[in-house]
Amino acid sequence: MRRIGASVIERVTQACVCASMLLAPVAATQAATEEDPWEAVNRPIFRFNDTLDTYALKPLAKGYDAVTPQFLEDGIHNMFRNLGDVTNLANNVLQLKPHAAGVDSARLIVNTTFGVAGFFDVGTKMGLQRSDEDFGQTLGYWGVPSGPYVVIPLLGPSTVRDGVAKYPDTFTRPYRYVDHVPTRNSAFALDVVDTRASLLPAEKLIQGDKYIFIRNAYLQNREFKVRDGEVEDDF
């Protein structure tokens, strides 16, 4: 098994049909189908999310990508990733990974100060590699099974475990603590559009039935992350 990209699944609408697009096609079909007993319900929700993305989010992302200078787009993306390192740090602590938590802490300090609030990813250039952790992975680390595959309206691909875990992760994100509504909503909207714009090239990876492709890619990616890359070839 292999992972051909990393997903950033994580924020409202960001995950809406996008999170799993960072992976190449996977051959798994039978095992994935067994993980999707609610396909009859999932497919209509998937179509709703995909339609919303096609006629609303994707055009916004294309416009943003077209008018935003590349250096500025990269800087904005880095700033949101820097904020996401708080989530990585919290979950590495919960998973009892002191080295990874230390790297997360160092990245936050270096990028927030020398990187100008994260606009420049100084940490990566210093060899501090970014983690990609969330509470769903933490639950999986401690043995909580994923449960059936489920497509959540607006939130996109998930499982029962990962869907429930989305709420605790909100406590590590800045939007919960911003009282000024226009500022909070503007930052959130920019985050969503920036994330969608960064995923535009990944759409070329999709082959065949889009629903099945994204389902299989999502399940493989989550398995890969929960096991820290040690995935048996059982899909």
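**Figure 1. Helix α4 and its buried residues.** Helix α4 has eight residues named here as buried (under 20% relative accessible area, with exposed meaning over 50% and partly exposed in between, for a 1.4 Å probe and protein chains only): Ala-100, Ala-101, Val-103, Asp-104, Arg-107, Leu-108, Val-110 and Asn-111. Helices (H or I, at least four residues) and strands (E, at least two) are DSSP runs, numbered from the N terminus. The cover over the buried residues of α4 includes α3 (70–94) and α5 (122–125). Helix α4 comprises 16 residues, 98–113, and at 1.5 Å a residue it should span 22 Å; its end C-alpha atoms are 22 Å apart, which agrees. The expected span is 1.5 Å times one less than the number of residues in the helix. The model shown in every view is predicted: local features need pLDDT of at least 70 and side-chain atom pairs count only at pLDDT 80 or more, whereas totals for chains, interfaces and linings use all residues. Residues are numbered from 1 along each chain as its sequence is written, and side-chain values use heavy atoms, with hydrogens and water left out.

**Figure 2. The whole chain.** The chain contains 9 helices and 2 strands, which run from the N terminus in the order α-α-α-α-α-α-β-β-α-α-α. It has 235 residues, of which 46% count as buried. Its accessible surface (Shrake-Rupley method with a 1.4 Å probe; for residues, only the protein chains shown count as cover) is about 11,600 Å², and 65% of this belongs to carbon and sulfur atoms. Contact means heavy atoms within 4.5 Å. Among contacts between residues at least 6 apart in sequence, 72% join residues at least 24 apart.

**Figure 3. The largest nonpolar core.** In soluble globular proteins, nonpolar side chains tend to be buried together. A nonpolar core is a set of buried Ala, Val, Leu, Ile, Met, Phe, Trp, Tyr and Cys residues joined through side-chain atoms within 4.5 Å. The largest one in this model has 9 residues: Ile-45, Phe-46, Tyr-149, Val-151, Tyr-211, Phe-213, Ile-214, Tyr-218 and Leu-219. Two or more of these residues come from each of α2 (39–67), β1 (149–152) and α9 (210–226), and α9 gives the largest share, 5 residues. Another core, of 7 residues, lies apart from this one and includes Ala-61, Tyr-64, Tyr-175 and Val-193. With neighbours within four places in sequence left aside, Val-151 is in contact with Asn-42, Ile-45, Phe-46, Asn-49, Gly-156 and Tyr-211.

Figure 4. Trp-38, Val-41, Val-160 and Val-164 make a nonpolar surface patch of about 370 Å². Patches are made of residues with over 30% relative accessible area and no salt bridge; like charges are joined within 9 Å, and nonpolar side chains (Val, Leu, Ile, Met, Phe, Trp, Tyr) within 5 Å. Val-164 belongs to helix α7 (residues 160–169) and counts as exposed, at 58% relative accessibility.

Figure 5. Thr-87, in helix α3, counts as buried at 4% relative accessibility. Beyond its neighbours within four places in sequence, Thr-87 is in contact with Glu-133, Asp-134, Asp-169, Thr-172 and Arg-173. Arg-176 is in the loop between α7 and α8 (181–198) and counts as partly exposed, at 37% relative accessibility. With neighbours within four places in sequence set aside, the contacts of Arg-176 are Tyr-167, Thr-170 and Phe-171.

**Figure 6. Salt bridges.** The structure holds 18 salt bridges, each a side-chain nitrogen of Lys or Arg within 4 Å of a carboxyl oxygen of Asp or Glu. One of them joins the side chains of Asp-53 and Arg-196 (2.7 Å, N to O). Asp-53 lies in helix α2 and Arg-196 in helix α8, so this pair ties together parts that are 143 residues apart in sequence. Asp-53 is buried, with a relative accessible area of 2%, and Arg-196 is buried at 1% relative accessibility. A salt bridge also forms between the side chains of Lys-97 and Asp-228 (2.9 Å, N to O). This pair links distant parts of the chain, 131 residues apart: Lys-97 is in the loop between α3 and α4, and Asp-228 is in the segment after α9. Lys-97 counts as buried at 16% relative accessibility, whereas Asp-228 is partly exposed at 45%. Finally, Asp-36, Glu-39, Arg-43, Asp-209 and Arg-215 are linked in a network of salt bridges.
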